[in-house]
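Visitor: I am new to this structure. Please pick a single part and take me through it closely.

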Amino acid sequence: MMGTQLPLPARWALARQSRRDPGERLAALRRDATETKALIREALDALAARHDITAKDIEYAMAHADDLLADAIYNVERDLEREIEGEEPV
């Protein structure tokens with residue numbers, strides 16, 4: 001028994017998480033994504049200021065960052081939307 005490793009996360013942790021309101025979880029996910037975009041923008045603006053990068057190039061990079069974040073959260077966002085609509089997540 002000493003060498004037994006329990007799977008992570010524990011089932012009780014998943015059960016607790018799944019009881020949270022999917023609407024609240026979706027709103028939190030979207031808030032976090034917006035905050036992440038703001039942090040990326042701050043970092044790019046600081047880089048631009050230090051190295052004379054044009055505003056046009058920063059806007060171009062931010063468009064890619066928006067796509068990157070949308071791709072990153074897509075599956076979780078869709079699962080939460082399905083859960084809100086009463087469907088089973090795929």
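Guide: R41 is partly exposed, because its relative accessible area is 27%, which falls between the 20% limit for buried and the 50% limit for exposed. One caution before going on: this is a predicted model. R41 belongs to helix α2, which covers residues 22-51. That helix is the part to look at.

Start with the setting. The protein has three helices and zero strands. Along the sequence, the pattern reads α-α-α. There are 90 residues in the protein, and 17% of them count as buried.

Now the helix itself. Several residues of α2 are buried: P22, R25, L26, A28, L29, A33, L44 and A48.

Next, the partner. Two packed helices are described by an angle and a distance, both taken between their axes. For α2 and α3, the angle is about 170 degrees and the axes are 10 Å apart. Because angles over 145 degrees count as roughly antiparallel, α2 is roughly antiparallel to α3. Sorted by class, the residues in this contact are 16 nonpolar, two polar and 10 charged.

Two residues show the packing in detail. Go back to R41 first. Leaving out residues up to four places away in sequence, R41 touches I58, E59 and M62. R41 also has a spatial relation to A61: their C-alpha atoms are 9.1 Å apart, though 20 residues separate them in sequence.

The other residue is E77, in helix α3, residues 55-85. Is E77 buried or exposed? E77 is buried, because its relative accessible area is 13%, under the 20% limit. With residues up to four places away in sequence again set aside, E77 touches L26, L29 and R30. Of those, L26 and L29 are among the buried residues of α2.

Finally, step back to the protein as a whole. Take contacts between residues at least 6 apart in sequence: 60% of them join residues at least 24 apart. To recap, α2 packs against α3 at about 170 degrees, with R41 partly exposed and E77 buried.

Note on methods: Residues numbered from 1 in each chain as written. Predicted model: local features only at pLDDT ≥ 70, side-chain atom pairs only at ≥ 80, totals over all residues. Heavy atoms only, no water. Helix = DSSP H or I, 4+ residues; strand = E, 2+ residues; numbered from the N terminus. Buried < 20%, exposed > 50% of the residue type's maximum accessible area, 1.4 Å probe, protein only. Contact = heavy atoms within 4.5 Å. Axes fitted to C-alpha atoms, helices over the stretch in contact; angles between N-to-C directions. Parallel < 35°, antiparallel > 145°, perpendicular 65-115°, else oblique. Nonpolar A, V, L, I, M, F, W, Y, C, P; charged D, E, K, R; others polar.
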